[in-house]
Amino acid sequence: MSDTSLDVQASAERVADRLRDRIVKGDLPPGSRLVERKLSAELNVSRTPIREALKLLRVDGLVDISLHRGAQVVDYTAKEAEDLFDLIAVIESLAAERLAQRITAEVLERLESLHTRMLAQYEARDASTYFDTNTEIHDTIVVEAGNAVLTDSHRRVAMRARRGRFMAIFDADRWRQSVGEHETVMAAFRARDPAAAARIWRQHLRHSGESVAETLRRQRG
């Protein structure tokens, strides 16, 4: 691959990261049109990396690209949320179980640090940075479970589910419940208790899915 191609790829990935964050956090809601020319001017990059970034977002399941309508942020329905979180609950609870079986002092210390930071962000009601730290915790549990197939399966659906997880923060009761579930799974990791870690994390993701689906149903009246 030439240096130019590498530059375009790197630029496309940076653009995709920025747009991904805006979609997940609702700054670009469902149905938003992503116009190459406007994005190029806004992000101060050429249209080529914009085009490539949109393709990456299509792979994530966040954007639909058609000949006549161009690129648009895909819709997010209550049924999709239920289906996604059913799957995510299975994947992440297995990851939590495996991690509790093999967790090292180093990984536990990293999770403790992330958890402490997340709690401070919760107390400050800083939803955006809380969500970023929360996501890092979820991803760390999956990666450190030590199963490459599981990690790959999670990656394929994680972005679509993250849209829902961010929405759940704005339900105050669910946000408080979620923090409690994080506290409990940390206790399971400290105790090296695989069964408890799996049970807690499965409930955690299912509760998130239920909250998101209910929010989406209310929005649609």
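Because the model is predicted, local features need pLDDT of at least 70 and side-chain atom pairs count only at pLDDT 80 or more, while totals for chains, interfaces and linings use all residues. Residues are numbered from 1 along each chain as its sequence is written, and side-chain values use heavy atoms, with hydrogens and water left out.

## The sheet

Helices (H or I, at least four residues) and strands (E, at least two) are DSSP runs, numbered from the N terminus. Two strands are said to pair if DSSP finds at least two bridges between them. In this model an open sheet of three strands has the order S1-S3-S2, with antiparallel pairing. S1 and S2 are its edge strands, each pairing on one side only. Strand S2 (residues 63-66) and strand S3 (residues 70-73) run antiparallel and are joined by four bridges, and a hairpin of three residues links S2 to S3.

Grid points are joined across faces, edges and corners, and a volume is the space filled by probe spheres set on the points. By this rule there are two cavities of 30 Å³ or more. For the classes in the table, Ala, Val, Leu, Ile, Met, Phe, Trp, Tyr, Cys and Pro count as nonpolar, Asp, Glu, Lys and Arg as charged, and the others, Gly among them, as polar.

| Space | Volume | Lining residues by class |
|---|---|---|
| Largest cavity | about 120 Å³ | five nonpolar, five polar, two charged |
| Second largest cavity | about 40 Å³ | three nonpolar, one polar, four charged |
| Largest pocket | about 260 Å³ | five nonpolar, two polar, seven charged |

Which helices each supply at least two residues of the lining of the largest cavity? They are helix H6 (127-144), helix H7 (148-168), helix H8 (172-190) and helix H9 (194-219), and H6 gives the most, with four residues. The residues lining the largest cavity include Tyr 130, Phe 131, His 138, Trp 175 and His 204.

The second largest cavity is lined by Ile 88, Glu 92, Asp 139, His 154, Ala 158, Ala 161, Arg 162 and Arg 165. Helix H4 (78-102) and H7 are the elements that give two or more residues to this lining, and H7 provides the largest share, with five residues.

The largest pocket is lined by 14 residues, of which His 154, Arg 155, Arg 156, Ala 158 and Met 159 are the closest to its centre. Helix H3 (47-60), H6 and H7 each supply at least two residues of the pocket lining, with the largest share, eight residues, coming from H7.

Contact means heavy atoms within 4.5 Å.

Lys 25 sits in the loop between helix H1 (3-24) and strand S1 (33-34). Lys 25 counts as buried because its relative accessibility is 13%. A polar contact (a pair of N or O atoms within 3.5 Å; within protein, one must be able to donate a hydrogen and the other to accept it, and residues adjacent in sequence count only if both atoms are side-chain atoms) of 2.8 Å joins the side chains of Lys 25 and Ser 128. Leaving aside neighbours within four places in sequence, Lys 25 is in contact with Ser 128, Phe 131, Asp 132 and Phe 166.

His 204, in helix H9, is buried because its relative accessible area is 2%. Not counting residues up to four places away in sequence, His 204 touches His 138, Arg 174, Ser 178, Glu 181 and His 182.

Ala 89 belongs to helix H4 and is buried, with a relative accessible area of 0%. With residues up to four places away in sequence not counted, Ala 89 touches Arg 202, Leu 205 and Arg 206. The C-alpha atoms of Ala 89 and Gln 177 are separated by 16 Å, and these residues lie 88 residues apart along the chain.

Note on methods:
Buried means under 20% relative accessible area, exposed over 50%, partly exposed in between (1.4 Å probe, protein chains only). On a 1 Å grid over the protein atoms alone, a cavity is a set of points where a 1.4 Å probe fits but cannot get out, and a pocket is an open set with protein on both sides within 12 Å along at least five of seven lines; lining residues have an atom within 4 Å of a point.
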